[in-house]
Amino acid sequence: MNFFDIVGPHLKELSGNEHKLFDFVVKNMDEINGKSIREVASLCFVSTATFLRFVRKLGFSGFSEFTTVIKFTLINHNEQTSNPFTVPQTNYRNEYTKNVEETIRVLKDDQLKRIADKLADHPDIFLFSKDTTKHLTEYIKYLYAMSGFNVIFPQDKDYRRLAEQQINDNSLVFIMSFNGENAEFVQLINKLIRQGISPMVVSITGADNNTIQNLSDINFYLFTDEITVNDTDIGSRISVIAIMELILYQYIESYGGRDFNFKQIKH
């Protein structure tokens, strides 16, 4: 019984305010767990009737089922071990697939279109990532560069410091940080704010309440298991690629005909 399995099919039906409620729920499951509907509604600054309608719109029969599923989702998350292969491989394969599906399922069309509109102005694109994610970012750089964008991907701290100085109001900045608390990237965003520089900042982080997503203009949730081998994080980052590809494909769909005579071939 997983929260995201139940709500996934209903996300496209939510209004703008309901999407904000959904974001709050995802970020604050631990705080919501065990509280009454009045307490949760108060946290969200809505009436109990409004929150109950929202819960039912997500696919739950009522608040009791809603809190029960959150409880079991949290238990299942906390029971994950550092080595998922302690379960049968076929089971983990299912979980692996679900992680990718959940990442894609919660993407919001309006956010994809907003970034596509920004790409239509052909901004300089800055990619910031570290550790495991840094290696797949090379592919992302290639993908966007081949699509005609000027892409800056500084791979060590000294180069990242130089790259920061090139960011301006017209830039598009992607920050990929699983735990969303990387001190260097938090400092980068705060520095831009202090200097009055306002690029579009898009972050890809884990689905919890973290500093980087709260400082970003747009945040995408990344669902993946944390896998560590020989003190190295090798958790899957396929979902990061999926998000970045879908952003690019949204741009191609919206502006490809204008920018490079793109035509979609239907089979």
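Where does Tyr142 sit? Tyr142 is found in helix α9, which covers residues 131–145. Helices here are DSSP runs of H or I with at least four residues, strands are E runs of at least two, and both are numbered from the N terminus.

## Before you look around

You're looking at a predicted model, where local features need pLDDT of at least 70, side-chain atom pairs count only at pLDDT 80 or more, and totals for chains, interfaces and linings use all residues. Residues are numbered from 1 along each chain as its sequence is written, and side-chain values use heavy atoms, with hydrogens and water left out.

## A patch on the surface

Back to Tyr142: together with Tyr139 and Met146, Tyr142 makes a nonpolar surface patch of about 350 Å². A patch takes residues with over 30% relative accessible area and no salt bridge, joining nonpolar side chains (Val, Leu, Ile, Met, Phe, Trp, Tyr) within 5 Å and like charges within 9 Å. The areas come from the Shrake-Rupley method with a 1.4 Å probe, and for residues only the protein chains shown count as cover.

## The sheet

Five strands form an open sheet in the order β2-β1-β3-β4-β5, and their pairing is parallel. β2 (151–152) and β5 (218–222) are the edge strands with a single partner each, so one side of each has no neighbour in the sheet. Two strands count as paired if DSSP finds at least two bridges between them. β1 (residues 125–129) is joined to β2 by two bridges, with Ile125 partnered by Val151. Helix α8 (residues 109–119) packs on the sheet and touches β1, β3 (172–176), β4 (200–206) and β5, and its direction makes about 125° with that of β5. For such angles, axes are lines fitted to C-alpha atoms (for helices, over the stretch in contact), and values run from 0 to 180 degrees between N-to-C directions. Touching, or contact, means heavy atoms within 4.5 Å.

Now for β3. β3 pairs with β1 over five bridges, and with β4 over five bridges too. Phe174 is a handy landmark: Leu127 stands opposite Phe174, and Phe174 in turn stands opposite Val202 in β4.

## Covered strands

How many residues of β3 are buried? Five of the five are, so β3 is largely enclosed by the rest of the structure. Buried means under 20% relative accessible area, exposed means over 50%, and partly exposed is in between (1.4 Å probe, protein chains only). In a regular strand, side chains alternate between the two faces of the sheet. In β3, Leu172, Phe174 and Met176 point one way, while Val173 and Ile175 point the other.

β1 is mostly covered as well, with five of its five residues buried. Ile125, Leu127 and Ser129 lie on one side, and Phe126 and Phe128 on the other.

## Salt bridges

Side chains of opposite charge can pair when their charged atoms come close. A search of the whole structure turns up seven salt bridges, each being a side-chain nitrogen of Lys or Arg within 4 Å of a carboxyl oxygen of Asp or Glu. One of them joins Glu18 and Lys57, whose closest N and O atoms are 2.8 Å apart. Glu18 is in helix α2 and Lys57 in helix α5, so this pair ties together parts 39 residues apart in sequence. Glu18 is buried at 16% relative accessible area, whereas Lys57 is partly exposed at 29%.

Lys108 and Asp23 also meet in a salt bridge, at 2.8 Å from N to O. That pair spans 85 residues, from Asp23 in helix α2 to Lys108 in the loop between α7 (89–105) and α8. Then there's Glu184 with Lys130, at 3.3 Å. Glu184 lies in helix α11 (residues 183–194) and Lys130 in the loop between β1 and α9, so parts 54 residues apart in sequence are tied together. Shared partners join Lys130, Arg160 and Glu184 into one network of salt bridges.

Most residues other than glycine have a negative phi. Phe45 has a positive phi of about 60° although it is not a glycine. Phe45 is in the loop between α4 (37–44) and α5 (48–57), and is exposed at 76% relative accessibility.

His122 has a positive phi as well, of about 50°. His122 belongs to the loop between α8 and β1, and at 37% relative accessible area is partly exposed.
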